[in-house]
Amino acid sequence: ITVLPETALPLGPIDSLRTWVSALAQAAGSPVLSGAIERDLDSLSAPAYNVIVSSEEPQQRYAKRRLVPFAERVPFSDWMPVFRRFAVPAGGIASYARGKSLGPMRVAGLDVVPLICFESLFAQDARAAVLAGGSLLVITTQDGWWNSDHPRRQHLAFSQLLAASVGAPVIHAT
């Protein structure tokens, strides 16, 4: 399995992202899981999702459920729109929509549990997905924006602790 980091693919609608990940899988000669930002480019009001897209048939997609406060979603902004002014736009997106469910994706004959960045801090979610049949944790991040190597190493250490705590191997792509 080739795993690319969070937001590795260009911003676009799911069909475009699937085309990209399929082309990458052909070039790599292996199944590909890649982070991406999914958004319908024809509508500025369309929700944006932080996703992991699979090249395997049927092409699967996982949308991040636990969003980073103030970086991916401003708390309470649905009820108090004035709070949206505290949003920090990243990649042209100031707020992401939440995904609905977490469960294993079938990739290369394995039941992969996809986690995106901040979600790797929630061991209870990973554990539940492993108990539901997951056999491999795949964590995509974009830790490269840190000005220090310390946060990146800390995030990797958290991923290692997560693997140990749920009893499953982990791939950490950043």
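The model is predicted: local features need pLDDT of at least 70, side-chain atom pairs count only at pLDDT 80 or more, and totals for chains, interfaces and linings use all residues. Residues are numbered from 1 along each chain as its sequence is written, and side-chain values use heavy atoms, with hydrogens and water left out. Helices (H or I, at least four residues) and strands (E, at least two) are DSSP runs, numbered from the N terminus.

**Helix α3**

- Helix α3 has 18 residues (149–166) and should span 26 Å at 1.5 Å a residue; its end C-alpha atoms are 26 Å apart, which agrees. The expected span is 1.5 Å times one less than the number of residues.
- The buried residues of α3 are His155, Ser159, Leu162, Ala163 and Val166. They cover an arc of only 100° around the axis, so they lie on the same side of α3. The arc is that of the directions from the helix axis to the C-beta atoms.
- Buried means under 20% relative accessible area, exposed over 50%, and partly exposed in between (1.4 Å probe, protein chains only).
- An α-helix has 3.6 residues a turn, so residues three or four places apart point the same way.
- His150, Gln154, Leu161 and Ala164 are exposed on the other side of α3.
- The buried residues of α3 pack against β6 (110–116), α2 (123–131), β7 (136–140) and β8 (170–173); contact means heavy atoms within 4.5 Å.

**Sheet β5-β6-β7-β8**

- An open sheet is formed by 4 strands in the order β5-β6-β7-β8, with mixed pairing. Two strands pair if DSSP finds at least two bridges between them.
- The edge strands are β5 and β8, each with a single partner strand, so one side of each is left without a neighbour in the sheet.
- Neighbouring strands of this sheet are turned by 35° against each other on average, direction ignored. The axes are lines fitted to C-alpha atoms, for helices over the stretch in contact, and angles run from 0 to 180 degrees between N-to-C directions.
- Strands β7 and β8 run parallel and are joined by 4 bridges. Leu137 has Val170 in β8 as its bridge partner.

**Salt bridges**

- The structure holds 6 salt bridges, each defined as a side-chain nitrogen of Lys or Arg within 4 Å of a carboxyl oxygen of Asp or Glu.
- Arg61 forms a salt bridge with Glu38, and their closest N and O atoms are 2.4 Å apart. This pair links distant parts of the chain, with Arg61 in strand β4 (residues 61–63) and Glu38 in strand β2 (residues 32–38), 23 residues apart. Arg61 is partly exposed, at 32% relative accessible area, whereas Glu38 is buried, at 13%.
- Arg65 forms a salt bridge with Asp125, where the closest N and O atoms are 3.6 Å apart. Here too distant parts of the chain are linked: Arg65 is in the loop between β4 and β5 (105–107) and Asp125 in helix α2, 60 residues apart. Arg65 is partly exposed at 23% relative accessibility, and Asp125 is buried, with a relative accessible area of 12%.
- Arg106 forms a salt bridge with Asp111, with 3.1 Å between the closest N and O atoms. Both partners are partly exposed: Arg106 has a relative accessible area of 44%, and Asp111 has 25% relative accessibility.
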